[in-house]
Amino acid sequence: MTQPTSGDFTKTPGWLDWYSGPSTPRFQLPAGSVDAHCHVFGPGAQFPYAPERKYTPCDASKDQLFALRDHLGFARNVIVQATCHGADNRALLDALAHSQGMARGVATVKRSVTDAELQAMHDAGVRGVRFNFVKRLVDFTPKDELLEIAQRIQQWGWHVVIYFEAVDLPELWDFFTALPTTVVVDHMGRPDVRLPVGGPQFALFQKFMREHSNVWSKVSCPERLSVDGPAALQGEQQAYRDVVPFARAIVEEFPDRVLWGTDWPHPNLKDHMPDDGLLVDFIPHIATTADLQRRLLVDNPMRLYWSEE
Ligand code: 0GY
């Protein structure tokens with residue numbers, strides 16, 4: 001991907017716009033459900049994208065996010081800082097400020113962040129920081145800097161969100177298992193779903209969660225992980241069915257440490273843009289009972305992000 005220039009906010013070529021007319025889900029979300037992984041992008045004219053970004057997204061504002069929340073039947077959002085905004089959290093903080101307490105945030109910070117800035121972010125609703133190891137998205141940050149940040153955020157009770165690809169887990173294992181906070185993995189550590197769910201790659205991720213009770217997982221992004229894709233959405237067959245065994249295994253073994261999110265507005269998708277309503281309809285295929293659904297969508301995110309309520 002070519003590096004965009006700082007003043008040019010033209011969307012990266014090939015990038016699909018988010019789906020502006022999502023269907024109404026057939027699956028009725030439990031009352032109080034949380035969309036625990038979504039983003040706001042700009043608008044670039046108000047909140048410029050970071051000069052070091054690897055892509056330029058289409059704008060996706062807080063008002064559009066809140067409208068989607070209401071349309072799908074969610075009560076709350078967890079807004080995750082995306083790499084296109086770097087460590088400039090202004091768009092995120094603006095969204096939190098206008099959410100009437102119905103959104104929490106996961107920020108990106110540098111070692112230079114001050115305690116006063118962390119306190120202000122906490123007061124605004126930030127509850128975690130995100131460390132991104134997906135090489136197409138970010139430049140390398142030294143591990144000692146990340147560990148220092150993880151140690152500092154403990155005093156606010158924050159957690160660390162990590163984003164990586166399954167092939168990189170062995171190399172990152174020692175760093176991840178040294179993190180002193182709750183650790184939340186984005187999208188199950190991006191398994192290759194062409195491999196067997198019982199194979200060594202996913203077994204390593206399960207071992208990571210099994211041996212480390214501070215590790216949680218988002219069972220989100222079937223549209224990103226799937227090779228089968230969404231074609232079945234149009235027919236009787238189930239969409240993204242190759243992702244189901246992976247997500248179900250995690251939900252059923254770790255029902256108190258899983259989260260779900262739309263990933264709206266779905267950065268970096270070039271082949272297919274999901275209908276968020278149909279993504280919600282995917283949930284009962286991976287959390288198959290009302291009890292599992294309530295833990296995934298309400299109890300777990302509330303415990304992690306609104307613990308004071
Ligand atoms: C996601 C996934 C992606 C992007 C980012 O911060 C980001 O830019 O997270 C991706 O491209 O896989 O969860 O939003």
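**A chat about the pocket and the ligand**

Student: Which residues lie nearest the centre of the largest pocket, and how many line it?

Tutor: In this predicted model, 28 residues line the largest pocket, and those that lie nearest its centre are N132, V138, D139, F140 and T141.

Student: How much space lies in that pocket?

Tutor: The space in the largest pocket comes to about 670 Å³.

Student: And which element gives the most to the lining?

Tutor: That is α4, which contributes four residues to the lining of the largest pocket. At least two lining residues are supplied by each of β4 (126-132), α4 (143-153) and α5 (169-178).

Student: How do the lining residues divide into nonpolar, polar and charged?

Tutor: For the largest pocket, the lining has 11 nonpolar residues and 11 charged ones, together with six that are polar.

Student: Switching to the ligand, where does it sit?

Tutor: The ligand takes up the space of the largest cavity. It is surrounded by 15 residues, of which H39, Y55, T83, Y163 and H187 are the closest.

Student: What classes are in that shell?

Tutor: The shell around the ligand is made up of five nonpolar, five polar and five charged residues.

Student: Which polar side-chain atoms lie 2.6 Å from an oxygen atom of the ligand?

Tutor: One belongs to H39, and another belongs to Y163. In the side chain of H37, an N or O atom is 2.9 Å from an oxygen atom of the ligand.

Student: So is the ligand buried or exposed?

Tutor: The ligand exposes 350 Å² when taken alone, and the protein buries 100% of that.

Notes. Residues numbered from 1 in each chain as written. Predicted model: local features only at pLDDT ≥ 70, side-chain atom pairs only at ≥ 80, totals over all residues. Heavy atoms only, no water. 1 Å grid on protein atoms, 1.4 Å probe; cavity = no way out; pocket = protein on both sides within 12 Å on 5 of 7 lines; lining within 4 Å. Points joined across faces, edges and corners; volume = space filled by probe spheres on them. Nonpolar A, V, L, I, M, F, W, Y, C, P; charged D, E, K, R; others polar. Near = heavy atom within 4 Å. Polar contact = N/O pair within 3.5 Å; in protein donor to acceptor, adjacent residues only side chain to side chain. Areas by Shrake-Rupley, 256 points an atom, 1.4 Å probe, with all protein chains shown as cover. Sits in = over half its atoms within 2 Å of the grid points.
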